[in-house]
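Please look through the sequence and the model below before reading on.

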Amino acid sequence: PFKFNKEIAEKLYGNIKFSNVSFSYVEEKNILENINFSINKGEKMKGVIFDIQRNSFVDGPGIRTTVFFKGCNLKCKWCHNPESQSPNPQIMFYKDKCTGCGRCVGITEKDTDFVCFNDAKQICGKEYAVDEVFDIIEKDKLFYETSNGGVTFSGGECMLQIDFLAEILKKCKENGINTAV
């Protein structure tokens, strides 16, 4: 039978603290059902986002902003966004773009403002506060209104950062912005 290991889950998902975990395991189907858990909130809620794509036309109706969350526990071989699987910021390196200038020597995942002029090395994932993400979303409100668009939350798996997602969804609803998850 399946056993949830809280310590491993918290280590795997960084700053997320799980509590009140319950689920049922259906052995015949080899799946988990009725998964419920609480996430303990920190003082200032932050989420890890790997991209915010404005002016999108493919992730729902109308003109949209798509917010891509980091972290996915599925690890599908056909994943469209494999850079989203790790829940933490990570360095992406594209050898074919590198000119060997040496500017990036010593760069770590914490250097989220680093810019490689050739796009050979990029930091994938950055911590954002709810208000920071919402400020970006709100910039295109006029486009959402005129095209019946809105915001799409994607990933990775945005539900792994459920409290952070819920706060952004709440702000969008309070401001009349259509959402899709």
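Helices (H or I, at least four residues) and strands (E, at least two) are DSSP runs, numbered from the N terminus. The model is a predicted one, in which local features need pLDDT of at least 70 and side-chain atom pairs count only at pLDDT 80 or more, while totals for chains, interfaces and linings use all residues. Residues are numbered from 1 along each chain as its sequence is written, and side-chain values use heavy atoms, with hydrogens and water left out.

The chain contains 4 helices and 9 strands, in the sequence order α-β-β-β-β-β-β-β-α-α-β-α-β. Contact is taken as heavy atoms within 4.5 Å. Of the contacts between residues at least 6 apart in sequence, 55% join residues at least 24 apart.

A residue is buried under 20% relative accessible area, exposed over 50%, and partly exposed in between (1.4 Å probe, protein chains only). Buried residues account for 34% of the 181 in the chain. A nonpolar core is a set of buried Ala, Val, Leu, Ile, Met, Phe, Trp, Tyr and Cys residues joined through side-chain atoms within 4.5 Å. The largest such core has 19 residues, and Val67, Ile137, Phe153 and Phe164 touch the most other members. Two or more residues each come from β3 (46-56), β4 (64-69), α2 (130-138), β8 (150-154) and α4 (162-174). A second, separate core has 6 residues, among them Ile107 and Phe114. Beyond its neighbours within four places in sequence, Val67 has contacts that include Ile49, Val133, Ile137 and Phe153.

Which cysteine sulfur is closest to that of Cys98? It is the sulfur of Cys104, at 5.9 Å, too far for a bond, because a disulfide requires a pair of cysteine sulfur atoms within 2.5 Å. The disulfide count is 0. Cys98 is partly exposed at 36% relative accessibility, whereas Cys104 is buried at 16%.

Most residues other than glycine have a negative phi, and most peptide bonds are trans. Lys75, in the loop between β4 and β5 (90-93), has a positive phi of about 55 degrees and is partly exposed at 45%. Asn148 lies in the loop between α3 (141-147) and β8; its phi is near 60 degrees, and it is exposed at 63%. The peptide bond from Gly155 to Gly156 is cis, with omega near 25 degrees, and Gly156 sits in the loop between β8 and α4.
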